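Good morning, and thank you for coming.

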Amino acid sequence: MPDPTAPTPDDLIGPLSTEERARLGSGRDFWSTEAIGNIPSIALSDGPHGLRYQDPERGGDALGIGPSIPATCFPPAVGLGQSWDPELTFRVGAAIGREARAAGVHIVLGPGINIKRDPRCGRNFEYYSEDPRLTAALATGWVRGLQQQGVGASLKHFAANNTEHERMTSSSDIDPRPLREIYLHAFGHVVREAAPWTVMCSYNKINGVYAAQNHWLLTEILRTEWGFEGVVVSDWGAVDDRVAAVAAGLDLAMPGADEAGDRGVVTAVADGSLDPSVLEASARRVAALAVRATGSADPGTTWNADEHHALARAAAARCAVLLKNDNDVLPLAPRGRIAVIGEFATEPRYQGGGSSHVDATRVDIALDEIRAHAGSATVTHARGFDTGSGSAAGELRAEAVETAARADIAVLFLGLAATQESEGFDREDIELPADQVELLHAVRAVQSRVAVVLAHGGVLRLAPIVAAADAILDAALLGQAAGGAIADLLFGITAPSGRLTETVPVRLADVPAYDNFPGEQGHVRYGEGIFIGYRWYDRRELEVSFPFGHGLSYTTFDYADPRAVADPEGVSVTVRVTNSGSRTGREVVQVYTGLEQSSVLRPPRELGGFTTVELEPGAAQEVTVRIPRHEFARWHEPAGRWVVEGGEYTAYIGGSSRDLPVHTTVRIDGDVVRVPLTRESPFSEVMANPVAGPELGAKLQPLIGDQGSSAGAELGVDMARMIGSIPIGRIALQLGGLMTAAELDDLLSRANS
Ligand code: BGC
């Protein structure tokens with residue numbers, strides 16, 4: 001319960017001088033804000049797959065690169081996203097919230113919700129998906145979970161920060177429609193649905209203007225359109241011009257202290273170039289955050305490392321994706337001889353490098369966990385390759401091949417080492433290291449049953465390995481309990497149910513941003529527009545290795561009886577799902593929508609919504625996916641707003657973007673869009689207007705007589721189509737001399753009213 005006698009943010013900033021208000025807008029040091037007057041300091045710390053808190057009393061440093069206190073390392077977003085489970089992201093967020101609260105941290109810097117535009121982006125492991133709706137749903141759960149613990153989130157990196165190359169200066173050049181539909185969509189959703197306490201603006205420019213100094217982004221979109229009431233924090237070092245940043249709506253420049261920036265703000269207020277009310281509003285927001293954050297803090301909070309590890313393990317098991325499983329080589333039987341091969345079986349790769357790196361409380365080793373589950377099986381191990389020095393590749397391979405030859409099945413742990421991908425740089429390719437591919441083929445030559453477990457933060461090209469493996473379990477990065485979770489899945493103690501959140505392309509050259517990544521000469525041109533991820537591959541009918549949404553289980557599911565019903569608030573899609581196999585399993589039921597007859601360019605199908613259902617063998621259940629009406633809206637550039645196009649939509653339902661066994665249709669009424677007519681409006685548009693059309697037709701009649709659309713036959717043209725796109729101003733005033741300028745303006749204004 002808020003204390004009614006507590007001072008309000010206005011009480012707190014009222015007595016502050018301009019200097020103090022300016023100081024409130026930059027940090028005190030790397031991880032905390034200034035305490036001024038009665039406004040307390042608050043602590044911010046990295047996340048978001050665990051707490052990276054550099055306790056100042058335990059060796060915290062001024063640059064944010066030293067060790068942090070032990071914390072549970074949950075699956076990073078690349079793994080967590082594969083759960084397709086907002087309830088799980090809620091629980092993980094809540095656990096991180098408890099750890100943060102116990103450490104005295106008020107704001108955890110996450111979640112990262114940038115869209116995975118290109119698989120080469122070095123930071124993709126920190127993001128959820130190539131799809132904005134899936135990203136939105138997962139991040140909403142995480143933010144709600146964290147904030148339920150009285151700890152604030154920082155939704156980042158706002159916005160369009162999709163490459164690491166020159167990330168602090170490059171301009172993401174994006175047209176309005178992809179910007180709105182793809183890159184801002186999840187931010188808007190999470191702001192509205194989960195009200196994060198803070199939003200972190202990104203380093204890059206958007207269409208030439210730094211995000212940190214972008215009034216359109218930080219004020220017009222974030223606050224005015226979406227109703228954000230929290231604090232906008234800069235990414236660390238993102239502010240180039242502090243006065244411009246304050247004027248744009250940035251509240252807190254991090255890290256601190258930024259004394260020169262503070263002085264600049266004071267001078268700008270004094271010389272009239274910065275409106276003092278803008279600084280005041282910003283200071284009020286920082287004060288409100290400090291009061292709220294310290295008010296809900298409770299350093300007496302405790303958490304149990306075993307319980308959090310158990311949650312990390314359950315979460316990880318839900319996140320791995322079984323990409324293939326020919327001849328049911330998985331699950332493993334707890335008998336016979338199992339050869340475990342690969343460095344990652346003993347030296348796990350479970351998180352990414354950079355600001356999100358967590359000092360884990362403990363780390364499960366897959367080989368140990370496999371042995372613990374193996375029953376009477378003999379488990380042997382060979383290192384197979386060395387990601388560090390790459391030395392003795394031949395010897396390591398020979399030893400692994402021998403180990404595999406003496407077993408009944410070989411399980412290979414392959415992937416990328418921490419040095420091969422991280423924050424701060426992009427990858428140049430999406431290949432698995434060549435020595436690992438060779439190792440797999442050498443093992444395959446002597447062993448007829450081969451399973452591969454993959455560890456990586458960014459998408460890997462799997463075409464070179466798919467045929468050589470009977471089973472592939474894509475473990476992405478699964479956090480500190482990855483080893484235990486992988487063993488649980490390999491032995492079928494848990495049924496695999498993760499789903500891909502990104503398409504696995506056949507070739508790098510197929511990816512949507514192939515020619516426009518990572519950009520050059522300071523610009524990244526988002527030339528592929530709205531066609532990101534599966535939207536691109538589906539539109540171009542490209543073959544992929546594994547589609548978005550794909551993931552197998554140890555059972556199978558059938559779909560029947562699809563129905564869709566529209567109402568004014570949205571569409572409900574219902575389907576009957578049956579577990580047609582012999583094991584219990586969890587299915588992620590995905591609904592994609594498409595509008596074939598559309599007036600704008602669209603992908604054939606887009607994820608509309610999803611839900612999950614757990615079923616025992618033979619059991620069936622009706623499930624309903626609700627798609628709110630606004631999810632059918634597209635950004636209408638001429639009208640400058642969201643518009644739902646009316647028509648007959650198809651809802652495709654199934655277990656992946658390319659496995660959609662049933663579909664149904666639903667009619668949706670469209671929004672009325674009236675783009676005001678101007679002298680530049682095309683002739684055809686003016687003719688379609690109920691007021692202007694008939695009047696203009698009457699004026700044209702004497703010119704073309706009764707010929708109608710056959711006018712122009714002598715020229716071999718369809719006159720109506722030929723002149724349809726000519727601006728009415730040119731036709732009426734210059735070409736046809738139909739009326740005076742005043743008459744035309746009067747006609748247009750009557751048509752517009
Ligand atoms: C990263 C942020 C991070 C911040 C603080 C920046 O370099 O982009 O994601 O929260 O540093 O470590």
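A polar contact here is a pair of N or O atoms within 3.5 Å; within protein, one must be able to donate a hydrogen and the other to accept it, and residues adjacent in sequence count only if both atoms are side-chain atoms. The model is predicted, so local features need pLDDT of at least 70 and side-chain atom pairs pLDDT 80 or more, whereas totals for chains, interfaces and linings use all residues. Residues are numbered from 1 along each chain as its sequence is written, and side-chain values use heavy atoms, with hydrogens and water left out.

Let me begin with the ligand. An N or O atom in the side chain of Arg-167 is 3.5 Å from an oxygen atom of the ligand. For Tyr-203, the corresponding distance from a side-chain N or O atom to a ligand oxygen is 2.8 Å, and for a polar side-chain atom of His-157 it is 2.7 Å. On its own the ligand has 310 Å² of accessible area, of which the protein covers 94% (Shrake-Rupley method, 1.4 Å probe). There are 14 residues around the ligand, and Asp-46, Arg-123, His-157, Tyr-203 and Asp-235 come nearest; a residue counts as near if one of its heavy atoms lies within 4 Å. The shell comprises seven charged, five nonpolar and two polar residues, where Asp, Glu, Lys and Arg are charged, Ala, Val, Leu, Ile, Met, Phe, Trp, Tyr, Cys and Pro nonpolar, and the others, Gly among them, polar.

I turn to the helices. Helices are DSSP runs (H or I, at least four residues), as are strands (E, at least two), numbered from the N terminus. Helix α5, residues 132–148, packs against α7, residues 185–194, at about 35 degrees, with the axes 9 Å apart; axes are lines fitted to C-alpha atoms over the stretch in contact, and angles run from 0 to 180 degrees between N-to-C directions. The contact residues divide into seven nonpolar, five polar and three charged.

Finally, the backbone. Most residues other than glycine have a negative phi, and most peptide bonds are trans. Gly-110 and Pro-111 are joined by a cis peptide bond, omega about 5 degrees, with Pro-111 in the loop between β2 (107–109) and α5. Phe-158 and Ala-159 are also joined in cis, omega about 10 degrees. Ala-195 has a positive phi, near 45 degrees.
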